Amino acid sequence: MSDQPSARPAPEAPPALPVTFRPGRTRGVLLSAGLAIFVVITAVAMLLEELSPGERVSFVFTGALLFAVAALLARPKVVADEAGVTVVNIAGRRRLAWAEILRVNLRPGDPWVFLDLSDGTSLAALGIQPGIARQRAVADARALRALAETRTAAPGDGV
């Protein structure tokens with residue numbers, strides 16, 4: 001046994017700012033699938049000779065609508081810069097100052113990162129999700145946690 005006190009492992013150095021976190025593989029799958037659906041539905045509309053022009057337009061519109069849904073599901077991201085963090089989820093966007101973020105959580109079984117905020121609430125950050133690429137999500141969550149810890153530490157805290 002050594003005389004040194006047990007120490008926690010050194011935290012990872014935070015990434016350079018600005019940095020954007022997003023589920024790249026999930027985004028790629030969603031956008032590719034949406035584009036494939038649009039192309040197939042449009043091709044079917046053009047190949048079926050018995051369709052009227054209005055019916056063809058409705059097919060193309062349906063394909064475009066399905067692509068738009070896939071693009072909306074691929075939208076989430078978390079952007080960190082010097083002033084704070086912008087969380088973009090499926091239907092909304094929220095800007096947070098670094099001081100508002102108390103903790104960055106990604107527990108086993110969580111579908112995405114949760115930010116514990118100074119107002120007592122929690123905000124889901126869908127831009128970091130372990131779905132297809134778990135290791136990437138864990139690394140991104142650690143990087144965001146390191147950024148939050150260094151940005152919210154008061155001067156003189158020894159951090």
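Arginine 136 pairs up with aspartate 140 in a salt bridge, with 3.2 Å between the closest N and O atoms. This is a predicted model, by the way. Both arginine 136 and aspartate 140 sit in helix α3, four residues apart, or about one turn of the helix.

How exposed are the two partners? Arginine 136 is partly exposed, at 48% relative accessibility, while aspartate 140 is buried, with a relative accessible area of 10%. The 10% for aspartate 140 falls under the 20% cut-off, so the residue counts as buried.

## From helix α3 to the β2–β3 loop

Arginine 151 makes a salt bridge with glutamate 82, and here the closest N and O atoms are 3.6 Å apart. Arginine 151 belongs to helix α3 (residues 134-152) and glutamate 82 to the loop between β2 (77-80) and β3 (84-88), so this pair links parts that lie 69 residues apart in sequence.

On the accessibility side, arginine 151 comes out as partly exposed at 33%, and glutamate 82 as exposed at 56%.

## Strand β4 meets a loop

What does arginine 94 pair with in a salt bridge? Its partner is aspartate 119, at 3.9 Å from N to O. Arginine 94 is in strand β4 (residues 93-97), and aspartate 119 is in the loop between β6 (113-117) and β7 (122-125), so the bridge ties together parts 25 residues apart in sequence. Arginine 94 is partly exposed, with 31% relative accessibility.

## The overall count

In total, the structure has five salt bridges. Side chains of opposite charge can pair when their charged atoms come close.

Notes: Residues numbered from 1 in each chain as written. Predicted model: local features only at pLDDT ≥ 70, side-chain atom pairs only at ≥ 80, totals over all residues. Heavy atoms only, no water. Salt bridge = Lys/Arg side-chain N within 4 Å of Asp/Glu carboxyl O. Helix = DSSP H or I, 4+ residues; strand = E, 2+ residues; numbered from the N terminus. Buried < 20%, exposed > 50% of the residue type's maximum accessible area, 1.4 Å probe, protein only.
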